[in-house]
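Hi,

Here is the structure I promised to pass on to you.

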Amino acid sequence: MDKNMTAAVLTSFGGPEALQVRDDVSIPNLQKGQVLVQVTAASVNNTDIWTREGAYGQPGQPNAKAGWRGQVDFPRVQGADIVGRICAVGDGVDQRRLGERVLVDPAIYDYSGDNAHPVGLLGSELDGGFAQYVAVEDVRAHNVTTSPLNDEQLACLPTAYGTAMGMLERAEIVKGDTIVVTGASGGVGFALVQLASIRGARVIGMTTSAKGDLVAEAGADVIVNRKESNLLTEMSIAAPSGLDAVADVVGGESFEWLLPLLKEGERWVIAGAVGGPVVTFDLRRLYLHNKQLIGSSMHTPLHFRKLIDEANAGRVLPRVAETFTLNDIHKAQQVFQGRRHVGKIVILPSEV
Ligand SMILES: NC(=O)c1ccc[n+]([C@@H]2O[C@H](COP(=O)([O-])OP(=O)(O)OC[C@H]3O[C@@H](n4cnc5c(N)ncnc54)[C@H](OP(=O)(O)O)[C@@H]3O)[C@@H](O)[C@H]2O)c1
């Protein structure tokens, strides 16, 4: 096997030029308990771009350059969502895993247990999958050999569907719940629509009109156009008895007007703020009605195993909006940031 590989390497915080596609990156050496994955597909996420920009800030210094957990060690191979084949195994790993098709859990947890919290991410705290090869711990490479989904579809799952699964589990969404999903055409939102609908929830998807049909196809019972001038009335018509839950990845101005539509004691679960991270709202609307505000970041090991079960059973159908080679990663990120797509943008590192 060659000693070098092609990889997209983040060299510093900065603009697109800080992300460099190089063909002289060393193929990682395997440590005990690791497997080497030949990457076939890896999807694009907001976190790749925000990490590159250092756009996460620090406590007390909102404009400080930082990754989501603070410092990032450069050079860093980005890419959290990895699908591929095991092509080598380290000491202590079962040789029979060679050749297995795997989906990698990108979360680095604070302890080993079913309900551990994610405190790091492949592609940020450790090297990720925008590369021909990546070395990962054996336990995070889940067998998806029997899944009817192709590699590109599987690559859509870890961050978007993992985050969506984490939100639905933490908010305990069940059959019969009426739930609003914001950002419903995006990676996480689309996954929320599908997974909530699979659970038997009545899903109201908030999106723009051009994307409404595809969001409805994914399982939304009602589409509300977020650019509608009278959104509050539209939403009240869509949910005349009020809402059991909101699964929010947008934040911003909708937070203040949507919160009162939640029924007594009900749940607002939030995992993103693409519409604005700083909001003002009347705290009395929260506590006087025993409403629950639930912060949700990624997934737990248990949530991820549930997602693997869904993938292997073929119950989820991720939407691949467009694919790009590793050499075209900058173009892929431009298309992603244009946000005219529905679903996920996927990089194919085996086709450099
Ligand atoms: N906490 C976590 O673990 C975690 C994990 C993954 C992502 N996230 C966060 O979740 C958010 C969504 O991620 P994503 O990957 O789904 O993003 P995405 O694919 O870019 O989708 C975001 C969607 O939000 C809608 N949108 C964009 N700007 C908006 C605005 N100003 N107001 C309302 N809606 C807007 C767009 O759909 P329409 O134009 O159709 O409305 C877009 O499709 C981001 O903030 C991301 O950082 C968090």
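How many salt bridges does a search of the whole structure find? The search finds 17 of them, a salt bridge being a side-chain nitrogen of Lys or Arg within 4 Å of a carboxyl oxygen of Asp or Glu.

Before the details, some housekeeping. This is a predicted model, in which local features need pLDDT of at least 70 and side-chain atom pairs count only at pLDDT 80 or more, while totals for chains, interfaces and linings use all residues. Residues are numbered from 1 along each chain as its sequence is written, and side-chain values use heavy atoms, with hydrogens and water left out.

**Salt bridges**

One of the salt bridges joins R85 to D151, with the closest N and O atoms 2.9 Å apart. This pair links distant parts of the chain: R85 sits in strand β5 (residues 81-89) and D151 in helix α2 (residues 151-154), 66 residues apart. Helices (H or I, at least four residues) and strands (E, at least two) are DSSP runs, numbered from the N terminus. D151 is buried at 12% relative accessible area, whereas R85 is partly exposed at 31%. Here buried means under 20% relative accessible area, exposed over 50%, and partly exposed in between (1.4 Å probe, protein chains only). R85 and D151 also belong to a network of salt bridges that takes in R101.

Two further pairs are worth a look. R96 bridges to D94 at 2.8 Å between the closest N and O atoms; R96 is exposed, at 72% relative accessibility, and D94 is partly exposed, at 35%. R315 and E310 meet through their side chains, also in a salt bridge (2.8 Å, N to O). In that pair, R315 is partly exposed at 48% and E310 is buried at 14%.

Helix α10 covers residues 329-338, and its buried residues are I329, A332, Q333 and F336. Seen down the helix axis, they fall within an arc of 95° (taken from the directions from the axis to the C-beta atoms), so they line one face of α10. As a reminder, an α-helix has 3.6 residues a turn, so residues three or four places apart point the same way. What do the buried residues of α10 pack against? Their partners are β1 (4-10), β2 (19-26), α1 (46-53), β17 (320-325) and β18 (344-348), where contact means heavy atoms within 4.5 Å.

Just after α10 comes R339, which takes a positive phi of about 50°. R339 also reaches the ligand: an N or O atom in its side chain is 2.6 Å from a ligand oxygen. Such a polar contact is a pair of N or O atoms within 3.5 Å. The side chain of T208 places an N or O atom 3.0 Å from a ligand oxygen, and a polar backbone atom of G186 is 3.3 Å from one. There are 24 residues around the ligand, of which T207, R226, A271, M298 and R339 come nearest; to count, a residue needs a heavy atom within 4 Å of the ligand.

**Cysteines and E351**

There are zero disulfides, judged as a pair of cysteine sulfur atoms within 2.5 Å. C156 is buried at 0% relative accessible area, and C87 is partly exposed at 29%.

Finally, E351 lies in the segment after β18 and is partly exposed at 46%. Leaving aside neighbours within four places in sequence, E351 is in contact with T325 and L326.

Best wishes

Technical notes: Polar contact = N/O pair within 3.5 Å; in protein donor to acceptor, adjacent residues only side chain to side chain.
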